[in-house]
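User: Could you walk me through this structure? I'm new to it.

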Amino acid sequence: MQNPFALFGLDTEFTLDTALLSSRYLALQKQYHPDNFAAQSAQQQREAVQKAAQINDAYQILKNPRRRAEAILQLQLSENLNPEETVHDTEFLMQQLLLREDLEAAACGGQEDEISTLRDKADDLHKQQLQAIETAIRQADWCSLKLHIDRLKFVEKFLQEVEQIEDRLFA
C-alpha cells in the first residue's frame, strides 16, 4: 500500500486537519490533472492519470476515520489487512445482535421514536469506537486498534441500516 499520508505530506496521525487535507487534495489534483499532460507523451499521460487516481484513492482513505485508522494499522504492521477477518468479541457481537433485533421490531411497528433512540445509541457507540481507536494509535496498541476498527465496521453497518429504514418509513 502506498502511504496516503506521505502523498499528502501529512504526519501519520489519526486526527487530521480536514481543511489542510482538502487544500492539499485540490493542489495535487490541479498539479496532476490529465489535461495538464495533453501535450506530453502517451506514457506521461498514463502516469498522470495513474497519479490522479492514487490521489483520489488516498483522499478517500484519509477523509474517512475508519479507513484512515486501517491505513495507519497497515503501515505499522507492514502487511495487508484481511477484510474477511471479523470480530471475535462475543459480548460486542451480542450487543449488535440485540440492537438489530430492536431495530427490526421498531421498523415493523413503525416506531419512529424507538428508531431514533437506536440511532442515538449507535451514534454513541460510533463515538466510543473512534475515541478507542485514537487511544490505541496514541499508545501504539495495534491489537486493540484492529479490534476497535472491526467494531467500528459493525457500528457503521448498523447506522446504514437505520438510515435505510428511516428513508423507507419516513421519507
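User: Where is K146 found?

Analyst: Quick background: this is a predicted model, where local features need pLDDT of at least 70, side-chain atom pairs count only at pLDDT 80 or more, and totals for chains, interfaces and linings use all residues. Residues are numbered from 1 along each chain as its sequence is written, and side-chain values use heavy atoms, leaving out hydrogens and water. Helices are DSSP runs of H or I with at least four residues, numbered from the N terminus. K146 is found in residues 142-170, which is helix α7.

User: Is K146 buried or exposed?

Analyst: Buried means under 20% relative accessible area, exposed over 50%, and partly exposed in between (1.4 Å probe, protein chains only). K146 has a relative accessible area of 15%, so K146 is buried.

User: How many aromatic pairs does the structure hold?

Analyst: Rings of Phe, Tyr and Trp (its six-membered ring) pair if their centres lie within 6.5 Å; planes under 30 degrees apart count as stacked, over 60 as edge-to-face and the rest as tilted. By that rule, the number of aromatic pairs held here is three.

User: What kind of pair do F92 and F154 form?

Analyst: F92 is buried at 5% relative accessible area, while F154 is partly exposed at 23%. Their ring centres are 6.0 Å apart and the planes sit at 85 degrees, so the pair is edge-to-face.

User: Which ring does the charged end of K51 sit over?

Analyst: A charge sits over a ring if NZ of Lys or CZ of Arg is within 6 Å of the ring centre and within 35 degrees of the ring normal. The charged end of K51 is 5.5 Å from the centre of the ring of Y32.

Technical notes:
Helices (H or I, at least four residues) and strands (E, at least two) are DSSP runs, numbered from the N terminus.
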